[in-house]
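Colleague: Please take me through this model, one local feature at a time. I would like a value or a name at the end of each answer.

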Amino acid sequence: MPSHYDDLETRDDSARQQALARDLPAALSRAKTAPALARLLRDIDPDQITDRAALARLPVIRKAELSAAQKKSPPFGGYTTRLAAEFDHIFQSPGPIYEPGRREGDWWRLGRFLHAAGVGRGDIVQNCFGYHLTPAGMMFDSGARAVDAAVLPAGTGQTELQVRAAVDIGTTCYAGTPDFLKVILDRADEMGETLAITKAVVGAGALFPSLRKAYEDRGIVTRQCYATADLGNIAYESEAVDGMIVDEGAIVEIVRPGTGDPVPDGEVGEVLVTTLNPDYPLVRFATGDLSAVMAGTSPCGRTNMRIKGWMGRADQTTKIKGMFVRPEQVAALLARHPEIARARVIADREGEMDVMTVQLETPAESTDAYADSVADTLKLKGRVQIVAPGSLPNDGKVIEDRRNYD
């Protein structure tokens, strides 16, 4: 297998800047054919946007704006250059937010990541991302096909069947959230089975160092990517495991949270992404995630910008068990139960797994009335704790992340 996916990964600064000066105006011209972007960029001459400094003068798009636009003009809010029926797939993520997808090529650009992780012809990828409604399953499926790997579309859950399939088929690579591989491995141990998995490509959650080490001790090389349903692959780890390399189909800026102003390299800020996807050309899309630019280039020889990976959220939105939990969902829980004075969602780790605890200030003595509401509004099951009125901190925080990312 070649060390690099293509020549784009090893361009020098001059070639990369020339490509940006060519591709960015073309991408913005295409973007202006989408109704919502035509309004947003109506005073912009794409031919004048040829570098990062010029790009930084454009307005920022936030997910709340995208969601509001989709409600007014479903399903995509006027942000696509194709009609809904011209896409191969339409997905629904929590919110709900609708995302398009296409079978043509490696539409989400995950192939570059899988190649960097050593996945290719001869591998069988057990894809444990969901194929139902949300796009992650198809994103990794597309990436695996791009590198000529076979795919077992396993989806989520059904651990015993996952083990049985991995043994019978001879799965060599796991794809899914970082935590779920451990569930499968532990179940295999209980069943007395030995799996042939030697590679893991993970996303949709933090890969904690202790968990990576646990997989390494089993002979499984684990690499992670940073991708979203809206943007596709943003950045990925290579064999160097030294930061995350920005994907060649994305332009990443790190800005002061809540603004569009770039911060100096090395300073933590919010990740903005402009995609060169002609079908869904999001411009300066605010992810809400925090990261920072790393100095220099990767020891693996790939020359694109590196970022430090996911470093938290610019707002309180937190990913737990691969799913985002947002402050507005907590508000919806309170609206269902007026007797609850305050609520606080706590994300923590136990035994290499994410756990969620929901603390409620309420005069009620039993949690029975709240478990179903928590699962329904937060889209996750978690522990429910009744706490005394007035005992939660009066700091405006409704979601607290206690996990250690060091």
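Colleague: Is Val330 buried or exposed, and at what relative accessibility?
Modeller: This is a predicted model, in which local features need pLDDT of at least 70 and side-chain atom pairs count only at pLDDT 80 or more, while totals for chains, interfaces and linings use all residues. Residues are numbered from 1 along each chain as its sequence is written, and side-chain values use heavy atoms, with hydrogens and water left out. Val330 is placed in helix H10; helices (H or I, at least four residues) and strands (E, at least two) are DSSP runs, numbered from the N terminus. With buried meaning under 20% relative accessible area, exposed over 50% and partly exposed in between (1.4 Å probe, protein chains only), Val330 counts as buried, at 1%.

Colleague: Which residues does Val330 touch beyond four places in sequence?
Modeller: The C-alpha atoms of Val330 and Thr377 are separated by 7.4 Å, although these residues are 47 apart along the chain. Contact means heavy atoms within 4.5 Å. Without residues up to four places away, Val330 touches Ala343, Val345, Leu378, Val398 and Ile399.

Colleague: Within what arc do the buried residues of H10 fall?
Modeller: In H10, residues 327–336, the buried residues are Gln329, Val330 and Leu333. They line one face of the helix, because, seen down its axis and taking directions from the axis to the C-beta atoms, they fall within an arc of 100°.

Colleague: Which exposed residues are on the face of H10 turned away from its buried side?
Modeller: The buried residues pack against strands S17 (323–325), S18 (342–350), S19 (353–361) and S21 (399–401), and against helix H11 (371–378). The face turned away from them carries the exposed Glu328 and Ala335.

Colleague: Where is Thr171, and which residues is it in contact with?
Modeller: Thr171 lies in the loop between H7 and strand S6 (173–176), and it is buried at 0% relative accessibility. Its C-alpha atom is 8.1 Å from that of Leu152, 19 residues away along the chain. Leaving aside neighbours within four places, Thr171 is in contact with Ile124, Gln126, Leu152, Ala165, Ala166, Ala196 and Ile197.

Colleague: How do helices H7 and H8 pack, and what classes of residue make the contact?
Modeller: H7 (159–169) and H8 (178–191) pack at about 75° with axes 9 Å apart, where axes are lines fitted to C-alpha atoms, for helices over the stretch in contact, and angles run from 0 to 180 degrees between N-to-C directions. That makes H7 roughly perpendicular to H8 (65 to 115 degrees; under 35 is roughly parallel, over 145 roughly antiparallel, the rest oblique). The contact is made by Thr159, Glu160, Gln162, Val163 and Arg164 of H7 with Phe180, Val183, Ile184, Arg187, Ala188 and Met191 of H8. If Ala, Val, Leu, Ile, Met, Phe, Trp, Tyr, Cys and Pro count as nonpolar, Asp, Glu, Lys and Arg as charged, and the others, Gly among them, as polar, the contact has six nonpolar, two polar and three charged residues.

Colleague: How many aromatic pairs are there, and which residues form the aromatic cluster?
Modeller: Rings of Phe, Tyr and Trp (its six-membered ring) pair if their centres lie within 6.5 Å; planes under 30 degrees apart are stacked, over 60 edge-to-face and the rest tilted. A search of the whole structure finds six pairs, including the edge-to-face pair of Phe87 and Trp107, 6.3 Å centre to centre with 80° between the planes. Phe87 is in the loop between helix H4 (63–72) and strand S2 (89–93) and Trp107 in the loop between strand S3 (97–101) and helix H5 (111–116), so the pair ties together parts 20 residues apart in sequence. One cluster is formed by Phe76, Phe87, Phe91, Trp107 and Trp108.

Colleague: Which residues are joined by cis peptide bonds?
Modeller: Most residues other than glycine have a negative phi, and most peptide bonds are trans. Another, with omega about -5°, joins Gly95 and Pro96.

Colleague: What are the relative accessible areas of Arg284 and Lys321?
Modeller: Phi of Arg284 is near 50°, and that of Lys321 is about 55°. Arg284 is in the loop between strands S12 (269–275) and S13 (285–291), and Lys321 in the loop between strand S16 (318–320) and S17. Arg284 is buried at 1%, whereas Lys321 is partly exposed at 40%.
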